[in-house]
Amino acid sequence: MFVIELAEKRIRIDNQYPFVERQCRELGYASDGDSADFAVRVSDEEIAAEQQQGAHSPGYCESICVYRKICEKMPEYGIFILHSAVVEVDGRAYAFAAKSGVGKSTHLSLWLQTIPGARVLNGDKPLYRLDEDGSLTVFGTPWQGKENWGYNGKAKLAAICFLERGETNRIRQANEDEVISRVIHQLLLRGPRQTVNQQLVLLNSLIHAVPYYILQCNISEEAAKLCYQTMSNPSKEKNK
């Protein structure tokens with residue numbers, strides 16, 4: 001048993017295997033003390049079911065199940081997971097979502113190479129919190145994706161971009177229907193009905209909190225520069 005702090009909430013993890021504790025401690029998320037906002041525990045049956053999805057160790061599968069349970073509970077606190085990668089530049093967070101294989105990690109690499117001060121807050125499974133003023137804060141988590149990109153920090157969300165492959169680089173602002181159809185596939189809509197309803201309420205707030213963009217891009221530094229210039233200056237939308 002140990003306690004971590006995620007999105008400024010304390011969570012007790014009643015683990016069976018050392019993998020998840022080592023993961024959280026090495027990345028700086030473990031916390032002192034026993035007090036917690038809630039606790040999670042994963043059963044042997046849940047671990048076994050996760051193992052059927054691939055040849056992974058019980059400890060690794062327990063870690064996946066632990067985070068899933070955390071994400072099912074977090075909407076009660078106005079916090080949710082959005083499957084995305086987040087880059088932070090000068091204290092502002094820029095999130096990217098895409099279908100598998102589109103090249104999200106490649107695009108993030110281009111940001112790191114071309115945008116001064118850019119660093120990855122989380123490469124795969126960050127947490128988003130709806131704040132009282134209607135803005136969103138993005139938090140890093142120990143679950144960072146296969147590249148293990150991320151750090152224990154937070155930043156205000158400035159914009160979200162959906163990536164698509166293209167021969168030339170073009171970016172435009174997405175309309176509400178386009179946002180809904182894309183965002184809903186990146187949410188974890190599971191758990192008790194009350195939790196799902198809370199997530200849908202948060203989804204509505206998410207849609208109106210920040211500008212959204214659709215970037216058709218190739219693998220080039222120009223794609224990263226165009227994206228950053230547009231998302232950091234929403235009144236100056238550009239196309240190339």
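This note goes through the pockets, a helix packing and the strand pairing of a predicted model.

1. The largest pocket holds about 990 Å³ of space, and its lining is made up of 36 residues. Those that lie nearest the centre of this pocket are D124, K125, Q144, G145 and K146, which is where a reader inspecting the site may wish to begin.

2. In terms of residue class, the lining of the largest pocket contains 13 nonpolar and 13 polar residues, together with ten charged ones. Of the residues nearest the centre, D124, K125 and K146 belong to types that are counted here as charged.

3. At least two residues of the lining of the second largest pocket come from β11 (154-165), and at least two from α5 (176-183). The largest share of this lining is that of β11, which supplies three residues.

4. On the α1 side the contact is made by F19, V20 and Q23, and on the α3 side by G59, Y60, E62, S63 and V66. Sorted by class, the residues of this contact are four nonpolar, three polar and one charged.

5. Strands β1 (residues 2-6) and β2 (residues 9-14) run antiparallel and are joined by five bridges, with L6 standing opposite K9 of β2. The two strands form a hairpin in which two residues lie between β1 and β2, and A7, in the turn, has a positive phi of about 50°.

6. Strand β2 is also paired with β4 (residues 38-41), to which four bridges join it in a parallel arrangement. Within this pairing, I13 has V40 of β4 as its bridge partner. Strand β2 therefore counts as paired with β1 and with β4, since a pairing requires at least two bridges between the strands.

Note on methods
Residues numbered from 1 in each chain as written. Predicted model: local features only at pLDDT ≥ 70, side-chain atom pairs only at ≥ 80, totals over all residues. Heavy atoms only, no water. 1 Å grid on protein atoms, 1.4 Å probe; cavity = no way out; pocket = protein on both sides within 12 Å on 5 of 7 lines; lining within 4 Å. Points joined across faces, edges and corners; volume = space filled by probe spheres on them. Contact = heavy atoms within 4.5 Å.
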